[in-house]
Amino acid sequence: MPKNRLEDLPPDVLRQIFRLLADPFAPASACALVGCCRYTRSAFRSRATGADRTEVERLRLWWGRATAFCGSHRTTASHMRLATTVGLSESFAVAEAPTLALLLERGSFRRLCWLQLYGSLLSEASLRPIVETLAAGASPSLKSLDLAGNHLGDASCAMLAARLSESPARVLPALEVLGLGSTRISSRGVEALARALARGAMPRLVGLGLRSNDIDDEGVIALAESGMLGLAALRELFLCGNDRITCAGIDALAARLLGGSFPSLRWLDVPPLKSSAFHAACAARCVCVLDTLGPAHAPENPTAGSQQPATYE
């Protein structure tokens with residue numbers, strides 16, 4: 001009788017294999033592995049050093065959470081596999097964030113193109129598992145990600161930027177719209193994101209929303225510099241509501257626009273500051289400036305800005 005080769009594997013390696021098989025919606029393969037022999041039953045029903053649960057207990061926990069998630073959002077595993085758009089927003093509970101992260105990691109949303117968590121009021125700690133999962137390469141077909149109205153913070157933004165810099169072809173390669181309005185990020189987070197964008201991250205990005213954050217002139221300049229090297233497809237940039245931006249930052253943005261930054265830009269939303277140099281640069285580039293306190297300053301070229309921009313926060 002051939003020797004059971006599973007017994008040659010250390011328990012930690014067996015646990016890693018189990019986790020790869022441990023789909024909360026299809027646990028049969030993982031359960032079959034548990035029942036292979038006495039050695040595997042012992043490995044999966046005993047806790048690893050420092051672990052709070054065994055692998056079997058963890059699978060049961062995630063099965064329960066995934067089932068509850070389906071119930072609270074009136075969906076099924078089959079529907080999730082076929083879904084292209086997921087808009088949770090206010091209906092999303094803070095306690096569901098780790099479950100959503102797991103489902104994204106496990107590929108439960110195989111066709112997902114549009115994910116909206118707008119206004120869920122997630123804290124940085126609650127949102128971080130979702131951001132980490134996306135930063136690890138989950139949902140590569142995602143085209144629109146709206147995290148506006150959640151507390152992303154600079155640390156999570158910098159973590160995402162670092163992963164984007166390391167693997168630009170693997171992390172959110174198809175993303176076209178990124179909504180980061182009212183996410184409590186400052187120029188520190190924006191500068192980290194700008195460095196990743198300058199290195200070619202998210203090459204298909206057409207809309208970037210950064211309204212109502214704590215961005216100052218340094219953040220604006222960092223974004224403008226990234227537009228000289230990356231963001232070739234960006235058409236819409238939203239910065240209004242960042243009250244620390246001054247005319248100096250707007251004028252620096254104007255100089256970069258005249259130097260070729262953001263070559264595809266058509267719509268620009270900035271704080272209502274008086275800067276003739278800025279409006280002249282936008283007119284020269286046929287960029288429509290959205291003035292939140294009055295009519296939009298449309299470019300003279302009638303072919304530019306002929307369509308209203310999409311709504312990004």
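Is Cys-113 buried, exposed or partly exposed? With 24% relative accessibility, Cys-113 counts as partly exposed; the cut-offs are under 20% relative accessible area for buried, over 50% for exposed and in between for partly exposed (1.4 Å probe, protein chains only). A quick note first: this is a predicted model, where local features need pLDDT of at least 70, side-chain atom pairs count only at pLDDT 80 or more, and totals for chains, interfaces and linings use all residues. Residues are numbered from 1 along each chain as its sequence is written, and side-chain values use heavy atoms, leaving out hydrogens and water.

**View 1. Cysteines without a partner.** You'll find zero disulfides here (a disulfide is a pair of cysteine sulfur atoms within 2.5 Å). For Cys-70, the closest cysteine sulfur sits in Cys-31, 18 Å off, so that is too far for a bond. Cys-113 is in no disulfide either: its nearest cysteine sulfur, in Cys-70, is 20 Å away. Cys-70 has 9% relative accessibility and counts as buried.

**View 2. Parallel neighbours.** Here's an open sheet of eight strands, ordered S1-S2-S3-S4-S5-S6-S7-S8 with parallel pairing. (Strands are DSSP runs of E, at least two residues, numbered from the N terminus; two strands pair if DSSP finds at least two bridges between them.) At the edges are strand S1 (85-87) and strand S8 (288-290), each pairing on one side only.

**View 3. Zooming in on S3 and S4.** Strand S3 (residues 144-146) and strand S4 (residues 177-179) run parallel, joined by three bridges. Look for Asp-146: its bridge partner in S4 is Gly-179.

Terms used. Helix = DSSP H or I, 4+ residues; strand = E, 2+ residues; numbered from the N terminus.
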